[in-house]
Each structure stands twice: as C-alpha cells, then as structure tokens.
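Work through the exercises below with the sequence and the structure open. Try each task before reading its solution.

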Amino acid sequence: MGKMGLRCLVFAVLVLWSFLSMVKGEDDYKYFTWTATYGTVSPLGVPQQVILINGQFPGPRLDLVTNDNVILNLINKLDQPLLLTWNGIKQRKNSWQDGVFGTNCPIPPNTNYTYKFQTKDQIGSYTYFPSTFMQKAAGGFGALNVYARSVIPVPYPKPAGDFSLLIGDWYKTSHKALQQILDSGKSLPFPDGLLINGQSQSSFSVNQGNTYMFRISNVGLSTSINFRIQGHKMKLVEVEGSHVVQNMYDTLDVHVGQSVSVLVTLDQPPKDYFIVASTRFTGKVLSSTSVLHYINSISPVSGPIPDAPAGQLDWSMVQARTFRWNLTANAARPNPQGSFHYGKITPSMTIVLANSAPIIGAKQRYAVNRVSHIDPDTPLKLADYFNITGVFSLNAIQSSPSDGAPSLATAVLPTSLHQFIEIVFQNDEDTMQSWHLDGYDFWVVGFGLGKWTGASRQNYNLVDALTRHTTQVYPKSWSAILVSLDNQGMWNLRSAIWERRYLGQQLYMRVYNPIKNFANEYDMPNNALLCGRAVGRHL
C-alpha cells in the first residue's frame with residue numbers, strides 16, 4: 001500500500017472512530033440490577049406484604065436521558081412469575097421488551113431476565129410496574145423520568161429541584177386475596193385509602209423563591225385523582241412526553257395510568273403548606289396529604305385542606321380540552337412538535353371499541369366489542385415469530401361494536417405498519433374509563449357525550465391536540481384518538497383500570513409488515529424466555 005493509500009486508510013479509521021465515539025457519547029448505556037422481593041410495610045397503619053424493588057417501596061426512581069440504552073437485570077425473588085412493563089416507553093422496533101403477557105414469558109421465581117431497551121426520541125414523566133396477575137396492587141412500581149439531552153432546549157428554565165409523586169388508591173388486602181376475589185367472579189371492593197409515594201403522609205422540602213418541578217403520576221388501580229397544593233398555582237409544562245401550552249391551574253385531574261409535570265414557584269410566605277390528592281367521581285372520597293415544607297418555614301401547616309373542584313364530569317372534560325400541544329416547542333428532537341401536521345392526514349381505518357361488563361359463565365368479566373380477552377399460554381409475539389398456529393386468530397374481535405352474546409377469546413386486531421388510524425373509545429357504562437396503548441403515543445382529538453358518530457369529527461381538534469399514551473373516557477361518553485402506526489410489533493391496548501384489564505378489557509394490536517427488515521423491527525433477543533408452545537423452538 002502506498003503512502004497516499006495509507007493516509008486515506010488512517011483518515012478513514014479516524015473518521016470512523018470519531019463517529020463511533022460521538023454515537024457512544026450520545027447514546028449512553030445505563031446498567032441496573034434490580035431484585036424483586038416481598039417485604040412488610042404499613043402504608044395505611046396496618047402491616048401488610050408489599051413488593052419491593054431493591055428493598056424499596058415504591059421502587060427506585062429510574063432517571064434516564066433521551067436515547068439512553070438501558071440494560072436492566074431483573075431478579076425475581078417472589079413466589080410468582082413476574083414481568084415489569086415500562087408504561088409510556090415506546091420500545092421502538094422492540095415489542096420484545098414490553099413486559100406484558102402478549103410479548104414476554106414471565107420471569108419464573110428465583111430466576112432473572114435482562115431487559116434491553118432504549119428511550120429512543122423520548123422525554124417526559126413515566127412509570128413502571130408489574131403487569132403480571134394483580135401484583136400492581138402490592139407495589140413494585142416506580143417513577144421513570146426521561147430528561148432531554150443537553151443539546152436540546154426545553155421550553156422552560158431549569159427548575160431548582162425535581163420531585164416524582166406516585167399517587168394511587170390502595171388496599172389493605174393482599175394482592176393474592178384480591179386476585180382470588182376476581183377469580184371467583186366478583187368485583188373488587190372500594191379501596192381503603194390513597195397513598196403518595198407509598199405513604200399516607202410525607203413532606204417535600206423547598207427553598208422560598210425557587211421553582212420546582214412536580215411529576216405527578218396516577219399509579220392506582222381504579223380511581224381518578226385530583227391534585228392541588230395549598231396557596232400555590234401549578235404551571236402545566238409536560239404530559240407524557242408532550243410539551244404543552246403552559247397554562248396555570250389550581251387543581252388538576254389525573255386519571256389512572258396518566259402522568260403530568262408541573263412547575264410550582266415558591267412565592268408564598270415562609271410556612272408549610274398542604275399537598276393534597278383526593279379521589280374523583282367516587283361516592284366516598286379518599287384523600288391523602290403531604291407537606292410542602294419551606295426550608296425557612298416559621299410555622300407548621302395550618303388552615304383548611306384545600307377542596308377539590310366542585311365541578312364533576314363536565315368540569316373535568318372542560319379542563320381536559322385545555323391541555324394542548326405547544327406547537328413551537330420541541331420535544332426530544334430539535335424540530336418543533338407542530339411540524340407534524342397530523343390533522344391533515346386522512347385515516348385509512350376507523351376502529352370503534354366499546355367496553356362492557358358482561359357476566360360470562362356466572363362470573364363478572366369485562367369486554368371490548370363483546371370479546372373478553374384471555375391470555376394464551378404462549379405469548380402472542382412468540383407465536384407470531386415462530387408461526388405457531390392455534391394461539392390466536394385475527395378474526396376473534398371485530399373493529400366495531402355489534403350485537404350478540406359476549407365471549408371469551410384471545411383478542412388481536414390486525415393492522416399494517418405505516419397506517420394512520422382513528423380509534424374511538426365508546427363508553428356506554430356509567431363509570432370512568434382509562435385506556436392505554438403500549439408502543440405509541442397518540443393525539444387525543446376529541447371528547448364527547450353520548451354516542452360517537454361520523455359527525456362527531458366536526459368537533460375534533462386537528463391543530464394542537466397533545467400526544468400521550470393514556471386517555472380517559474368519561475361515563476356515557478366517547479374519546480377519539482389518532483395514531484400513526486410507525487412501530488412494528490405486538491402492542492397491548494388495555495384498560496388502565498386493573499380489575500377491568502385483569503378480567504378481559506384489553507386486546508393486542510398486531511402492527512405488521514410481511515417483509516422482515518431490521519429497519520422496521522429488531523430480531524428476537526438471544527436471551528428471550530420461551531414458554532408454552534414456544535418451548536424448544538430455536539431462536
């Protein structure tokens with residue numbers, strides 16, 4: 001090789017090394033080892049068994065940065081199989097890591113599994129929790145925050161501090177006893193209390209004059225909550241990965257499975273103030289308080305606890321419509337959120353999903369379009385990958401409601417990669433619903449009373465609807481979303497109300513492309529657990 005060729009080779013190697021270094025620097029690897037065990041705590045004053053992650057209840061806060069690669073070894077020391085799901089993390093091209101029955105074999109007791117996923121092109125406040133059985137009722141949940149890269153601006157000054165508040169209803173009854181109630185064909189009783197970060201009382205210390213971020217997530221099983229801070233207003237800045245128009249609020253409704261981030265400026269006299277969460281739309285109101293403690297406080301918390309809004313469903317729906325996309329702000333990427341004109345795209349498919357609460361075989365079940373989902377012994381993703389027949393059918397559930405008797409089936413809706421679709425959640429029941437879609441966020445374009453019809457589209461927000469992963473559906477009402485199916489895989493579309501999900505109010509969307517392509521979907525990981533009819537198959 002001549003000198004010129006050698007110089008070219010050295011230059012090429014240096015360029016490649018520089019590129020790889022830059023990529024490595026941009027997309028860091030974060031390594032974790034978590035152990036799930038049982039422990040005893042008394043969140044409502046009565047000792048009870050809970051699920052701990054690394055000895056903590058709630059579990060460790062997982063702080064990540066956009067595009068981080070997460071390598072998390074989960075050791076299961078419970079007496080039941082276990083999966084964790086990463087609520088709101090899109091798992092781009094990687095439903096293998098979603099952590100639900102439809103995609104993963106549960107981790108058997110006294111074994112481990114290593115999750116490998118990336119927070120690709122995401123920022124925001126999220127959570128993780130056990131998706132198996134009724135384990136969520138025992139804990140195992142935690143905060144998962146994805147921060148913007150240093151080179152990407154955010155549309156607000158950096159706060160002085162950052163608090164995660166995991167708020168949810170809670171039972172004194174064990175998760176196994178709750179599961180037995182559901183398995184016997186009965187509904188769960190009303191929860192016993194409401195917790196903030198696993199406690200009935202807690203405090204947050206702050207400096208007067210500073211601004212802090214509060215990341216509020218509803219990790220409960222069944223009830224919507226209202227959140228407020230005595231004497232302080234909240235500036236809403238982010239909802240499940242969307243930067244939003246920065247309106248001020250005295251109180252905020254947060255429904256099951258949802259997360260919001262607010263900025264609070266400590267501009268009041270130096271004393272202590274109530275932080276309050278209470279259940280919404282329930283006959284009996286549960287509440288929990290924490291303390292906002294000014295470090296230079298001269299008096300303890302006092303005065304009446306601030307009330308929840310007097311308005312009920314109508315008030316909440318009006319507030320929900322004020323949550324709007326900040327079109328000029330970026331999210332994880334430098335381009336403005338509003339550069340994607342979702343409202344100018346005509347959906348290629350409309351799916352209408354109606355929830356119901358049928359009795360099947362003398363037992364309480366919940367259904368979607370008359371089908372109450374049952375999990376097969378083989379994860380759907382594995383059955384699809386290995387072409388195992390008889391595990392699921394693409395005809396088991398219809399894409400719109402119809403008359404007829406309810407039935408048990410494994411519900412999978414067929415869709416195609418790169419479709420742009422409309423989904424309408426029709427709630428004819430007199431209860432609040434909350435729907436979550438794994439693998440995606442979606443534009444919540446409309447809420448309305450009564451029955452949805454094609455004419456309902458006239459009231460859609462096709463300009464600045466926010467994107468999120470979980471939407472509420474009010475009683476005797478509908479909610480409509482638009483979804484760009486750009487993430488191939490098998491994705492769980494479920495009720496976030498866990499009793500309903502456990503008893504069948506869920507389905508899977510198969511986002512499919514017949515041509516296998518690494519650009520569309522990663523191959524099965526070499527450490528994938530095999531179970532059911534997939535046992536013995538070759539990776």
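The exercises that follow concern a predicted model.

**Exercise 1. Overall build**

Task: State how many helices and strands the protein has, and decide how its radius of gyration compares with the globule rule.

Solution: 
- Step 1. The protein has five helices and 35 strands.
- Step 2. Its radius of gyration is 24 Å, and the globule rule gives 24 Å for 539 residues, so the protein is as compact as a globular protein of that length.
- Step 3. Along the principal axes, the C-alpha atoms fill a box of roughly 80 × 65 × 55 Å.
- Step 4. Take the contacts with a separation of 6 or more: 78% of them are between residues 24 or more positions apart.

**Exercise 2. Inside and surface**

Solution: 
- Step 1. Buried means under 20% relative accessible area.
- Step 2. For charge, count 43 positive and 35 negative side chains; the centres of the two sets lie 4 Å apart.

**Exercise 3. Nonpolar cores**

Task: Which residues have the most contacts inside the largest nonpolar core?

Solution: 
- Step 1. In soluble globular proteins, nonpolar side chains tend to be buried together.
- Step 2. The largest nonpolar core here has 45 residues, and Leu 165, Ile 167, Phe 214, Leu 236 and Leu 292 have the most contacts inside it.
- Step 3. Take Leu 292 and leave aside its neighbours within four places in sequence: its contacts include Phe 204, Val 206, Phe 214, Ile 229 and Leu 266. Among its other contacts are His 232, Lys 271 and Asp 272.
- Step 4. A second, separate core has 31 residues, including Ala 411, Leu 437, Ile 481 and Leu 485.

**Exercise 4. Backbone exceptions**

Task: Is the peptide bond from Phe 57 to Pro 58 cis or trans? Then examine phi of Asn 54 and of Arg 370.

Solution: 
- Step 1. Most residues other than glycine have a negative phi, and most peptide bonds are trans.
- Step 2. The bond from Phe 57 to Pro 58 is cis, with omega near -10°. Pro 58 sits in the loop between β2 (48-53) and β3 (62-65).
- Step 3. Asn 54 lies in the loop between β2 and β3. Its phi is positive, about 50°, and Asn 54 is partly exposed at 36% relative accessible area.
- Step 4. Arg 370 has a positive phi near 75°. Its place is the loop between β24 (367-368) and β25 (371-373), and with 24% relative accessibility Arg 370 is partly exposed.

Methods:
Residues are numbered from 1 along each chain as its sequence is written. This is a predicted model: local features need pLDDT of at least 70, side-chain atom pairs count only at pLDDT 80 or more; totals for chains, interfaces and linings use all residues. Side-chain values use heavy atoms; hydrogens and water are left out. A nonpolar core is a set of buried Ala, Val, Leu, Ile, Met, Phe, Trp, Tyr and Cys residues joined through side-chain atoms within 4.5 Å. Buried means under 20% relative accessible area, exposed over 50%, partly exposed in between (1.4 Å probe, protein chains only). Contact means heavy atoms within 4.5 Å. Helices (H or I, at least four residues) and strands (E, at least two) are DSSP runs, numbered from the N terminus. The radius of gyration is taken over C-alpha atoms; the globule rule is 2.2 Å times the number of residues to the power 0.38. Lys and Arg count as positive and Asp and Glu as negative; His and the chain ends are not counted. The place of a charge is taken as NZ of Lys, CZ of Arg, CG of Asp or CD of Glu.
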